Amino acid sequence: MAVDRDRLHRTLTPRSVAVVGAKGPDFGWLENNRDFVGPLYSVQLDPNEITEIEKRGFTNYLKLEEVPEDIDLVICAVPRPIVPFIVADSIKKNVGGMAIFSAGFAETGEEDAAELQDRIVQLANDAGMPIVGPNCMGVYNRRQGVKFSDGVDHGDGGTVSIMGQSGTHTIGATTMAQRVGIPVSRGISFGNAVVVNEADYIEYLRDDPDTEVIGVYLEGLKDGRRFFQALRETTPKKPVVIWKGGQTAAGQRATRSHTASLATPMATWNALIAQTGAIPANSVDEMVDALQALVHTTAPRGRRLALMAMTGGQSVAISDAFGRQGLEVPELADKTYERIGEFFNVIGGSFRNPFDMANTIGMAGDSANLARIMQAVGDDPNIDAMVFEFSAGFFARMWKDHPERLEEMLDELDGFRERTGLPLVTVMHGGAMDEEVIPIRDQVVARGLAVFPSFDRAALALSRVINYYEWVDEAG
Amino acid sequence: MSDGNGPIAAARADGRTLLTEVESKQLLHDAGINVTQARLATSADDAVAAADDIGYPAVLKVVSGDIAHKSDVGGVELNLGDGDAVRAAYDRMMSAVAEAAPGSSVDGVSVQQMADQGTEVIIGTTTDPQFGPVLAFGLGGIMVEVLRDVAFRIVPLEARDARQIVREIRGYPVLEGVRGQAGADLDALEAMILQVSEFANEHPEVAELDLNPVFAYPDGAIAVDARVVLAED
């Protein structure tokens, strides 16, 4: 049945929240939501818990109906036999909707548990009340400060929304995206999806002005036909990255006990990808990598790359990695070669594309020569995008002592992006220096640059995003 | 759905989920899909009359819910040039089937046009528990049986999906034409794929559909065998 869109909006963008059943020692559902912009209430009967809840400064009521204000979102964390009562209370209170963290329903395979779930679904459907879950981490809204984990940020901005059937992966993708400079505007961990399902969520995000890019983790579908149609309507406007969990026989056995999902042959999922232009991912890393390439670069308009490596060995490795993904490394224009040839040190270096340029831009960082290279490549008509590798393993120590040298290099990359409008991705492989490279990578992230830990991951992400934009172009 | 008195209703009335070839072809023909005409005949005279009507050369195929592989039991007679040939083939088939598959219930024979041999492809649909009808396309014969060289799309397909599914199979060069052999009419194949997609989309009661083989010609394509299986009621 179609979900009430206004109530779903209240549920996912709440202005008032009640947490039912918060418990010690952590009172996580209350503590996580301390930053919430509107009124936050606790509903708890247990006097032992109430004392601590009030000591922590939260306002507690014994029953939901006693809360003096309208409630948009009820976060329900009570033991499973109590859930139907809280659902009934929420309906009586006419709340926007619920997110039910409580687990132990149909996913257990127990008959009683399935019946309990059926009762909840019946109540909610009769009342037209959306429920996120059960068996999920629920709702994250960055602007509103509603959090499904203490690891997610609160604040303005964010163009990416992530929806997933797993709390671990939804929170994982959200926090990992944050870590590479991508604020996530919404997260929806929807678990068993028995009242509001994946088709409702993708339809909501399709129409949501706070969402420009969507990441999806799925194990199975409640309404595959409607999801397929909604996805088709979404991808021409907003890229959607889909990670399908349960791709192997063993994985499908795991999805059965995790979310009771039916098995569909991978060939059919691949058809879904081909028909909708969704961007496939096979892990949380691949999903976040694709998000980086989508959010931190401009839309690619072709597959011809300038590959900028520091050393000869890397120039070979980077060419293979991007070539394997079907991307092109063309010869540059004669004019470009003339310009660069005037100053480029070809002893232990090359500028034919791929570049091997450390000897020319100087181990100590000669930003004047780097600037000339970037100017010439930026003017070249044969190039659709640039990949820049830092050989961070070599330079980590130097950059640690002289962070300004990396900043100068990053200035050149920024300049290239501004001048040309071309997509630019960077690769920072730490080698044996990975600890030293972490703060250096953060300097790159701070510039809003896409930065990948390996050529292979960069190549996969960039090629998938290029494929997506080709798909959009072909769709006209 | 439209078939208040069509083949689907007839099968349901009999408690069958498997439609005969004649019923399947009628259903697909009504949906505008290019299939060879097939008519049920229950006697040699019937068969000759039907062949006179459809035109020669004709094909006879045994119609029996008990026989899965018709050619194995002498249940297929090809390239029958006139009424005498049809009559002789009918008698030959009845005794061959009775001998090779004794006890099978035989409803008669289907009388069909003999289509010229073309490049064999298959177009089919199955039902996925999550996505509903899914369309499959591949080269026919050994390519599908041994190499599993089949591509899939979720129904309903768009024009782009039809274009892609034809080009996705490894055997696509065969359709383009290789070593002087004429290629297949890709536009006609794509059009037929879209018709089958539309048919499956509008008939959720169809659990499975097989057009196998479809003969693809340099100009046009036609399904020469068809099988429709309904979902359990």
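Colleagues, the model is predicted: local features need pLDDT of at least 70, side-chain atom pairs count only at pLDDT 80 or more, and totals for chains, interfaces and linings use all residues. Residues are numbered from 1 along each chain as its sequence is written, while chains are lettered from A and ligands numbered from 1 in the order in which they are written.

I begin with the sheet of chain A. Six strands of chain A form an open, mixed sheet in the order 7-9-8-10-11-12. Strands here are DSSP E runs of at least two residues and helices are H or I runs of at least four, numbered from the N terminus; two strands pair if DSSP finds at least two bridges between them. Strand 7 (138-141) and strand 12 (279-281) of chain A are the edge strands, each pairing on one side only. From one strand to the next, the twist averages 15 degrees.

Contact means C-beta atoms, placed from the backbone, within 7 Å; axes are lines fitted to C-alpha atoms, for helices over the stretch in contact, and angles run from 0 to 180 degrees between N-to-C directions.

I turn to helix pairs. Helix 6 (residues 167-179) and helix 11 (residues 284-295) of chain A pack at about 40 degrees, with axes 10 Å apart. That angle makes helix 6 of chain A oblique to helix 11 of chain A; under 35 degrees counts as roughly parallel, over 145 as roughly antiparallel, 65 to 115 as roughly perpendicular and the rest as oblique. The contact residues of helix 6 of chain A with helix 11 of chain A divide into seven nonpolar, two polar and no charged. In this scheme Ala, Val, Leu, Ile, Met, Phe, Trp, Tyr, Cys and Pro are nonpolar, Asp, Glu, Lys and Arg charged, and the others, Gly among them, polar.

Helix 7 (residues 198-207) and helix 8 (residues 224-234) of chain A pack at about 15 degrees, with axes 8 Å apart. These two helices of chain A are therefore roughly parallel to each other. Their contact residues divide into five nonpolar, one polar and five charged.

Next, the interface. Here 12 residues of chain B are in contact with 14 residues of chain A. Strand 6 (132-139), strand 7 (150-154) and helix 6 (159-168) of chain B each supply at least two residues of the side that touches chain A. By class, that side of chain B has five nonpolar, three polar and four charged residues.

Finally, the backbone. A cis peptide bond joins B:Val155 and B:Pro156, with omega about 5 degrees; B:Pro156 lies in the loop between strand 7 and helix 6 of chain B. In chain A, a cis peptide bond joins A:Gly133 and A:Pro134, with omega about 0 degrees. A:Ser391, although not a glycine, has a positive phi of about 45 degrees.

Technical notes
Contact = placed C-beta atoms within 7 Å.
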